[in-house]
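Hi,

Here is the structure I promised to pass on.

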Amino acid sequence: MQRLTSLDFQDMPWKNGGGTTLELFALLDEDGDILFRLSQAKVKQDGPFSLLPGIDRTLLVLNGDGLMLDMGGEVIDLRQGDPPLKFAGEIPIHCDLIKGEVEDFNVMIDRAYGHAEVSVQQGPLQLTTEELIYVYRPALKELWILGSESVKGDFENNETVVIIRVSRS
């Protein structure tokens, strides 16, 4: 198991220049393009999402009142506690803050690289895996990377954790 903390993370600019994100983990190809990335961002203003053709995204609100996302005419109200929202990175999206700043968690994966499943769980956690799993602890800003191993999480009973399972294409 590999454990990353805030000392391992870095601030990165959004592709559209509208803000920054705290990059928790990234795999890039030889040209520097995203194969797989986990990040957490503070959304401070309304605006468009970066267009990322060929990238599947999953978005989750961690803190704040939520986001209204106009996804080409379909409007989605995404709030803290809602299930993760999956969408294609090439879809033009305009984001409006419902009421003030929002902190979100974002998973990006190149479709040619693989597939990511994101879930949110609370409390004590025990994982046994034969696949690659990432466990993000937002309250501590800590990321665990698990391979073929069994792990019993030392989590608080009501701690929320985000679990990302990655399967390669």
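Let's start at one proline. Leaving aside residues up to four places away in sequence, Pro 84 touches Thr 58, Leu 59, Leu 60, Val 118 and Val 120, where contact means heavy atoms within 4.5 Å. Pro 84 and Leu 60 sit 24 residues apart in sequence, yet their C-alpha atoms are 4.8 Å apart in space. You'll find Pro 84 in the loop between strand 8 and strand 9 (85-88). Its relative accessible area is 24%, so Pro 84 is partly exposed (buried is under 20%, exposed over 50%, partly exposed in between, with a 1.4 Å probe and protein chains only).

Some ground rules before the rest. This is a predicted model, so local features need pLDDT of at least 70 and side-chain atom pairs count only at pLDDT 80 or more, while totals for chains, interfaces and linings use all residues. Residues are numbered from 1 along each chain as its sequence is written, and side-chain values use heavy atoms, with hydrogens and water left out. Strands are DSSP runs of E with at least two residues, numbered from the N terminus.

Now the pockets. A pocket here is an open set of points on a 1 Å grid over the protein atoms alone, where a 1.4 Å probe fits, with protein on both sides within 12 Å along at least five of seven lines; lining residues have an atom within 4 Å of a point. A volume is the space filled by probe spheres set on the points, which are joined across faces, edges and corners.

The largest pocket has a volume of about 670 Å³. Its lining counts 35 residues, with Trp 14, Lys 15, Arg 37, Ser 50 and Met 108 nearest the centre. Strand 4 gives the most to that lining, five residues. By type, the lining of the largest pocket has 16 nonpolar, ten polar and nine charged residues (nonpolar: Ala, Val, Leu, Ile, Met, Phe, Trp, Tyr, Cys and Pro; charged: Asp, Glu, Lys and Arg; polar: the others, Gly among them).

The second largest pocket has a volume of about 250 Å³. Of its 17 lining residues, Val 61, Leu 62, Gln 80, Val 120 and Thr 160 lie nearest the centre. Strand 6 supplies the largest share of this lining, four residues.

Next, the aromatics. The structure holds five aromatic pairs (rings of Phe, Tyr and Trp, the last by its six-membered ring, with centres within 6.5 Å; planes under 30 degrees apart are stacked, over 60 edge-to-face, the rest tilted). One of them is the tilted pair of Phe 25 and Tyr 134, at 5.2 Å centre to centre and 50° between the planes. This pair links distant parts of the chain, with Phe 25 in strand 3 and Tyr 134 in strand 14, 109 residues apart. Phe 25 is buried at 17% relative accessible area, and Tyr 134 is buried too, at 2%. Together with Phe 36, Phe 25 and Tyr 134 form one aromatic cluster.

As for sheets, four strands make an open, antiparallel one in the order 5-10-7-8. Strand 5 (47-48) and strand 8 (74-78) are at the edges, each pairing on one side only. Two strands pair if DSSP finds at least two bridges between them, and strands 5 and 10 have two. Pro 48 has His 94 in strand 10 as its bridge partner.

Cheers
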